[in-house]
Amino acid sequence: MPELPEVETIARELCAGLSGRRITAVTLRRPASVDAGAPALSRTAFREQVPGLVVVKVWRRAKILLMDLAAVVTGDPTARAAGAAEPGMGRKGGDSPRDRGCAGKDDSSSSTAAAAGASAAGGTSAADAQAGRSGKGAVSKKVLPSSTAAAMASSAAGPASAADAQHAGAACLPAAGRKDASAQFPAAAAGESAAGGTSAADAPSGAVLHLAVRLGMSGRLWLAAPGAEPEKHTHVIFDLDDGRRLFFTDPRTFGSVRAMPGGRLAAWSAFAALGPEPLEIGPAGFAARFAGRSGKMKALLLDQTVVAGVGNIYADESLFRAGISPEARADKVSEARLHRLHAALSEVLAEAIAANGSSIRDYRDAHGDAGAFQNAFRAYGRHGQPCLTCGTTLTKVTVAGRTTTYCRKCQKG
């Protein structure tokens, strides 16, 4: 199931590839894939209201990918939004949206805040990034040792405001590991969030339509070439004004798409219940989320109301690095060790983002490429193999209904 790094990767790529593009048509091949529960639009309204809107920005909250849409007109109604890619830009040739990023306004306050979040997480500057990949699913040795500010800064800063709707094509973070972040993506070098906007409460009611995508177990949201035919399990299709198509494909049908009017995200119970972002909370605040709780550490890490976006993979990996048993009771773990876990989780998430996520079964990014962080797993899925630290055979147990791998010698209660 895609977790924070995978959804972050997709959000950055789609922000670069979609900002300023107009949706010309929507096809619901499986209407049930559109969640019409309150406060979402009905499926009929979804079909009628989404076409004609422009993608203002793409961002993430926990494991939820969000696209903010608005009826944007910038100058000539037929013109492309400022800074957006021209029709026909392909993936090859070094000038695609994913290579160039999105040009946009200079918002020093947003950049500063995001940069502060990156610094708190312990990342280096994007100018220091040496991320890169070699071959399908393979990871360059340069990717993982150092995280970048672009990887550390989350795209979860918030939805678009009415002011943002006047700047369709606003700056986005790059997908980490794509070329030289500082040269190709000035906003990323400054640590700017892919969202970077103000609260939806600042926007006039209805100015922005939020399109929320939950990928579930096997969902994919990906860009296809003009005229591309959908795969068997493609349930929702968005046609774009440059001829390309955005496909929501979900073989196991656990994912969903929903549309909500601006300012109504907080009324969505699944969104409102989310805990803080792990890359945007400090060590003390993180430790406080576990204080006095009797639950097992891994179970609490997986609880989206405690911290948002962590799943099975990154819970195992962060607990391993922090030397904490997944079965340890939270109220028995010292504050100092919780601070160590916060640092380990931040490091793991940043490295995974830099490697474009982990591809175990179904996950592919917005362009169909595999992630590479699975090549750096130290715990997840390695039960029966020797611990990379001490050589002890790794143990498999079940915590919160999830298969869990850890080292009984290195990870203490």
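Reply: Helices (H or I, at least four residues) and strands (E, at least two) are DSSP runs here, numbered from the N terminus. Keep in mind that this is a predicted model, where local features need pLDDT of at least 70, side-chain atom pairs count only at pLDDT 80 or more, and totals for chains, interfaces and linings use all residues. Residue numbers start from 1 along each chain as its sequence is written, and side-chain values use heavy atoms, with hydrogens and water left out.

Pro 39 belongs to the loop that runs between β1 (23-28) and α2 (43-49).

Next comes Asn 356, in the loop between α12 (335-354) and β9 (395-399). Asn 356 isn't a glycine, yet its phi is positive, at about 65°. As for solvent, Asn 356 counts as buried because its relative accessibility is 1% (buried means under 20% relative accessible area, exposed over 50%, partly exposed in between, with a 1.4 Å probe and protein chains only).

Then on to Ala 400, found in the loop between β9 and β10 (402-406). Here's another positive phi in a residue that isn't a glycine: Ala 400 has about 55°. With 54% relative accessibility, though, Ala 400 counts as exposed.
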